[in-house]
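Me: Hi! Could you walk me through the pockets in this one, and then a residue I'm curious about?

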Amino acid sequence: MSARGSGTGPDDIATCVYQHNWKVTGGGATTPWSSGPQSGLRFDSSKSLGSNFYDQGVIFDRVVPTFSYDRAQADTAGVANHIYDALYRPQTTYPSKTGKVIPGDIWSGKRPLHRNWTNFDAAAAEVARANRNAKDAACQGLSRPNDTYQCDEFPFASTKEGAGVGDGNFSVRYVPGAENEQAGRELGSWYGSDRVLHNNEYGIYVN
């Protein structure tokens, strides 16, 4: 993109639909035109993706993006194990809740996560505030191993499905602070590289 578009909203979004059409010529004959499925593109000039990413970009908008962590990756292992339990063994997580179902694992039919960009508008700021307050309250029920640990939450604070929803379908756990911070950097970098904007849905899994 050589210049900003004239889209809508804080992210300056514009979309288009395209379709492939083809015919084949050979052996002295030509087939009728055939039409492929429609696909879509989304253009944006968002400022929500951080300074390390261009503020102009385009994506295919008819797929659900996915993000993952790996429990074998040492620098984020504590967070990866926490999210693994939250997604696949929610009954083992804190705070306890009968029938807890934590969203994110879209391949098992669970609800996707939706990014919440705090600076999008007043409603987004309120979601972030509610997530933070609910997480902090829940963390008070856990013992902190030492001052190097941080209270991790899932779904992420940067989602609309975070602890602030108030339905109890979330988890908190103390993890090594360095791992929590690295996991946050990786998530933020992925938001940027895949251009995951405010309210965009995505799935997450853990290896």
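Predicted model: local features only at pLDDT ≥ 70, side-chain atom pairs only at ≥ 80, totals over all residues.

Me: Great. How much space lies in the largest pocket?

Reply: About 270 Å³.

Me: And which residues lie nearest its centre?

Reply: Those are Phe156, Ala157, Ser158, Gly184 and Leu187, out of 18 residues that line the largest pocket. Two elements give two or more residues to that lining: strand E8 (149-154) and helix H3 (177-193).

Me: Which one gives the most?

Reply: H3, with 6 residues.

Me: How does that lining split by class?

Reply: The largest pocket has 9 nonpolar, 6 polar and 3 charged residues in its lining.

Me: OK, what about the second largest pocket, what's its volume?

Reply: About 220 Å³. Its lining divides into 6 nonpolar, 1 polar and 5 charged residues. Among the residues that line the second largest pocket are Arg42, Phe60, Asp61, Asp194, Arg195 and Glu201.

Me: Switching topic: where is tyrosine 18?

Reply: Tyrosine 18 sits in strand E1, which covers residues 14-22.

Me: Why is it called partly exposed?

Reply: Because the relative accessible area of tyrosine 18 is 26%, and partly exposed runs between the 20% limit for buried and the 50% limit for exposed.

Me: What is it in contact with, leaving aside neighbours within four places in sequence?

Reply: Tyrosine 18 is in contact with Pro37, Gln38, Ser39, Gly40, Leu41 and Phe60.

Terms used:
Residues numbered from 1 in each chain as written. Heavy atoms only, no water. 1 Å grid on protein atoms, 1.4 Å probe; cavity = no way out; pocket = protein on both sides within 12 Å on 5 of 7 lines; lining within 4 Å. Points joined across faces, edges and corners; volume = space filled by probe spheres on them. Helix = DSSP H or I, 4+ residues; strand = E, 2+ residues; numbered from the N terminus. Nonpolar A, V, L, I, M, F, W, Y, C, P; charged D, E, K, R; others polar. Buried < 20%, exposed > 50% of the residue type's maximum accessible area, 1.4 Å probe, protein only. Contact = heavy atoms within 4.5 Å.
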